[in-house]
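Hi,

Here is the structure I promised to pass on. Have a look, and my notes follow below.

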Amino acid sequence: MEAIRNLKIKTSTCKRIVKELHSYEKEVEREAAKTAAMKDNGADPYDLKQQENVLGESRMMIPDCHKRLEAALADLKSTLAELEETTGPEVEDAKKTVADVEKQFPTEDA
């Protein structure tokens with residue numbers, strides 16, 4: 001039962017990181033549009049610089065999220081491999097999560 005509990009936690013972790021990654025991607029789009037609008041409107045150079053810093057910080061989070069997602073996915077796969085003989089809704093959910101993540105974000109070992 002402990003292994004199933006760990007599997008559920010690791011599955012949830014992967015799902016959360018995917019959501020977080022999508023959120024950062026949307027944030028970068030939003031901040032890039034805001035920066036472009038500020039440039040077009042001739043905003044104060046100080047304000048524009050601050051906005052570019054915000055955009056840069058948002059962009060830096062995406063590679064970090066990718067690294068964490070790869071690590072979480074590898075962890076989930078290893079836990080799933082340990083439960084090879086086991087069946088149940090948790091195992092099916094984990095397999096579906098692995099497949100979904102690999103489709104969206106292909107990794108080197110996939």
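**How the helices pack**

The buried residues of H2 pack against H1 and H3. This is a predicted model, where local features need pLDDT of at least 70, side-chain atom pairs count only at pLDDT 80 or more, and totals for chains, interfaces and linings use all residues. Numbering runs from 1 along each chain as its sequence is written, and side-chain values use heavy atoms, with hydrogens and water left out.

Helices here are DSSP runs (H or I, at least four residues), numbered from the N terminus. H2 has 38 residues and spans 56 Å from first C-alpha to last, close to the 56 Å expected at 1.5 Å a residue (that is, 1.5 Å times one less than the number of residues). Its buried residues (under 20% relative accessible area, 1.4 Å probe, protein chains only) include Leu48, Gln51, Leu55, Ser58 and Ile62.

H1 covers residues 2-40 and reaches 57 Å, close to the 57 Å expected. Among its buried residues are Leu21, Tyr24, Val28, Glu31, Thr35 and Met38, and what covers the buried residues of H1 includes H2 and helix H3 (89-104). After H1 comes Gly42, with a positive phi near 65°.

The residue I'd look at is Gln51, in H2 (residues 45-82). Gln51 counts as buried because its relative accessibility is 7%. Leaving aside residues up to four places away in sequence, Gln51 touches Glu31, Lys34, Thr35 and Met38 (contact: heavy atoms within 4.5 Å). The side chains of Gln51 and Glu31 are also joined by a polar contact of 2.5 Å (a pair of N or O atoms within 3.5 Å; within protein, one able to donate a hydrogen and the other to accept it, with residues adjacent in sequence counting only if both atoms are side-chain atoms).

Cheers

Notes. Helix = DSSP H or I, 4+ residues; strand = E, 2+ residues; numbered from the N terminus. Buried < 20%, exposed > 50% of the residue type's maximum accessible area, 1.4 Å probe, protein only.
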